[in-house]
Amino acid sequence: MTISPDTADVPVPVPAAAAPAHETTTPTDTLDLYLRHIGSGRAVMGRVLGGMAEVRSEGPWIHTDDGRRLLDFGGYGVFILGHRHPAVVAAVHRQIDLHPLASRVFLEPVAARAAQALAAHTPPGLDFVHFVNSGAEATEAALKLARAHGRNAIVTTRKGFHGKTLGALSVTANTTYQAPFQPLLPDTTQVAYGDAADLKQALAARRDRACVIVEPVQGEGGVHIPEPGYLTEVTALCREFGALLVVDEIQTGLGRLGTWWGVDAEGVRPDMLLVGKGLSGGVVPVAAMVATAEAYAPFSRDPYLHTSTFGASPIACAAALAAVRTMEREDTVARAAGLGARILAGVRETCAPYREILVQDVRGRGLLVGIEFTEERAVGELLLELIARGVLVNHSLNSTRVLRLTPPAVVEDTALDLFFSTLAEALHVTAAHMAG
């Protein structure tokens, strides 16, 4: 079927492809290949989780090579549209057939349209889009752009997570990941998340040379939600002390919190906004750093100051364009808000019998929910019990007592009922294990 440019984001049937080679690989073969070529640690983790390999996906479901189907409430925030949304898949197929990678010499229209579509939904004034391949690269672009403005002192928040490349790792406040790679970027300071007074003290010592990077809600930090007004205070302090403000919405943006962006709740406009995960449409990795005209000026003047061979590739931008248009058409943000409220209420009700003895807190906004346990061991126990029963969730990299849910906005009632019943069973078994 031929797809015209005007219908590139409209769902169409996609012909079945020939069976990929991995479908004939046994679980034992896959595990052995991991041991020999990818790493023993990852292989051991795979074995602990059951040894199966994921081979197919659609909507909220992942299929494994042993014939199982799992409800995906994890995915680290990528699958706001679910797996393989037909509109995104169709757009990517079309782009592959036309022009998947660009020469990097001429103008490329798909990137231009994707930038226009994304900027139509960012806070007013955030109009310039620098596409990259991953969230960590978006962080790197922002840190370099800040340095181009003379802001070479960085202020980040404790438990903040912004990636693991060298610059991004410098602002990812977790010594477990940082220690093997010291020294990292110099003059990097950590302040308490949600504490405007602590930030003020740090900025006062770095007037006119600081860059502040912060998340509206700390995802990997354990779904840590600041008090209302915090982002407004952060913005005011940055203006007072001449600091550039970078808001990392890689996980929280594009409807994940029930609004297009986490900053929307307070009407905040940063100098730079980091976008990723959901921008892929669940199909092709793509991320972006979006900036105001003033902040973007050094990159705007010299297009070769910060480049990437694969950044803004036509295939990735086709996915991003289709993802944004699909969210508009399907009112994904409003659906995330409504579905998120139901999920948060349901999780709280399901966890209520285990408060204090197992569960310490349940918190969330939109489709980002955290269950904090009284003991770290309970996170691993519950994760394994859920996977054994066909539900996939994530732990939090910067908060080891928090199990994190990032379900897609395409979950239907039957799948939601399955999740709640499975969570109840898994909590019951986990509580028994912990008591024993």
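**Helix contact, pocket and cavity**

On the H4 side, Val110, Ala111, Arg113, Ala114 and Ala117 make contact with Pro314, Cys317, Ala318, Leu321, Val324 and Arg325 of H11. By class, that contact has nine nonpolar and two charged residues, and no polar ones. Keep in mind that this is a predicted model.

Now the geometry. H4 covers residues 109-119 and H11 covers residues 314-330. Their axes come within 8 Å and cross at roughly 30°. Angles under 35 degrees count as roughly parallel, so H4 is roughly parallel to H11. The crossing of H4 past H11 is left-handed.

How much volume does the second largest pocket have? About 960 Å³. It is lined by 28 residues, and Arg104, His130, Tyr296, Pro303 and Ala312 are the closest to its centre. Which one gives the most? S4, with five residues. Sorted by class, the pocket lining has 17 nonpolar, six polar and five charged residues.

Last, the cavities. The count is two of 30 Å³ or more. The second largest cavity has a volume of about 40 Å³. Its lining includes Ile80, Ile250 and Leu254, along with Arg256 and Lys277. Gly77, Gly253, Gly276 and Gly278 line this cavity too, as does Gln251. By class, that is three nonpolar, five polar and two charged residues.

Terms used:
Residues are numbered from 1 along each chain as its sequence is written. This is a predicted model: local features need pLDDT of at least 70, side-chain atom pairs count only at pLDDT 80 or more; totals for chains, interfaces and linings use all residues. Side-chain values use heavy atoms; hydrogens and water are left out. On a 1 Å grid over the protein atoms alone, a cavity is a set of points where a 1.4 Å probe fits but cannot get out, and a pocket is an open set with protein on both sides within 12 Å along at least five of seven lines; lining residues have an atom within 4 Å of a point. Grid points are joined across faces, edges and corners, and a volume is the space filled by probe spheres set on the points. Ala, Val, Leu, Ile, Met, Phe, Trp, Tyr, Cys and Pro count as nonpolar, Asp, Glu, Lys and Arg as charged, and the others, Gly among them, as polar. Axes are lines fitted to C-alpha atoms, for helices over the stretch in contact, and angles run from 0 to 180 degrees between N-to-C directions. Helices (H or I, at least four residues) and strands (E, at least two) are DSSP runs, numbered from the N terminus. Angles under 35 degrees count as roughly parallel, over 145 as roughly antiparallel, 65 to 115 as roughly perpendicular and the rest as oblique. A crossing is left-handed if the near helix is turned anticlockwise from the far one by less than a right angle, and right-handed if clockwise. Contact means heavy atoms within 4.5 Å.
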